[in-house]
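Visitor: I am new to this structure. Could you walk me through the terms used for it?
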Amino acid sequence: MNRSDQRSGGRIAAGRSVLVSGAGIAGLTLAYWLNRCGYAVTVVERAAGLRASG
Ligand SMILES: Cc1cc2nc3c(=O)[nH]c(=O)nc-3n(C[C@H](O)[C@H](O)[C@H](O)COP(=O)(O)OP(=O)(O)OC[C@H]3O[C@@H](n4cnc5c(N)ncnc54)[C@H](O)[C@@H]3O)c2cc1C
């Protein structure tokens, strides 16, 4: 069981996977709730690190 499985109580069904592009507040919020709904979520982010503003 991985971290995604633990957060959703191990209810991830086969084939229910989502790729979220962008780890801003919208992407991370979407990833959190999709995971809570049972999706296996992968988040990719193009920025190398945190930005200084915004
Ligand atoms: C200078 C500045 C100051 C701000 N100050 C405030 C403030 O004080 N209070 C406030 O509430 N809001 C503030 N905002 C607004 C706030 O930053 C945005 O409303 C909020 O970040 C939008 O979130 P988002 O997730 O939609 O987009 P973003 O935060 O822009 O996140 C999108 C992410 O997707 C990534 N991305 C884009 N394309 C790709 C790709 N092809 N592949 C992978 N990753 C990708 C980006 O690198 C980024 O990390 C500020 C904005 C700016 C520019």
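Predicted model: local features only at pLDDT ≥ 70, side-chain atom pairs only at ≥ 80, totals over all residues.

Visitor: Which elements does the protein have, and in what order do they run from the N terminus?

Guide: There are two helices and two strands. From the N terminus on, they run α-β-α-β.

Visitor: What makes E1 and E2 a pair?

Guide: Two strands pair if DSSP finds at least two bridges between them. Strand E1, residues 17–21, and strand E2, residues 40–44, share five bridges. Therefore they count as paired. The sense is parallel. One of the bridges joins Ser-21 to Val-44 in E2.

Visitor: Why is the β-α-β unit called right-handed?

Guide: E1, H2 and E2 make up the unit. Point the strands away from you, and a right-handed path from the first strand over the helix to the second runs clockwise. The crossover here is right-handed, so that path is clockwise.

Visitor: How many residues surround the ligand, and which are the closest?

Guide: The shell has 13 residues. The closest are Gly-22, Gly-24, Ala-26, Arg-46 and Gly-54. Helix H2, residues 25–36, gives the largest share, three residues.

Visitor: What classes make up that shell?

Guide: Five residues are nonpolar, six polar and two charged.

Visitor: What share of the protein counts as buried?

Guide: Of its 54 residues, 11% do. Each of those has 20 or more other C-beta atoms within 10 Å of its own, because that is the cut-off for buried.

Conventions: Residues numbered from 1 in each chain as written. Near = placed C-beta within 6 Å. Helix = DSSP H or I, 4+ residues; strand = E, 2+ residues; numbered from the N terminus. Nonpolar A, V, L, I, M, F, W, Y, C, P; charged D, E, K, R; others polar. Buried ≥ 20, exposed ≤ 12 C-beta atoms within 10 Å, placed from the backbone.
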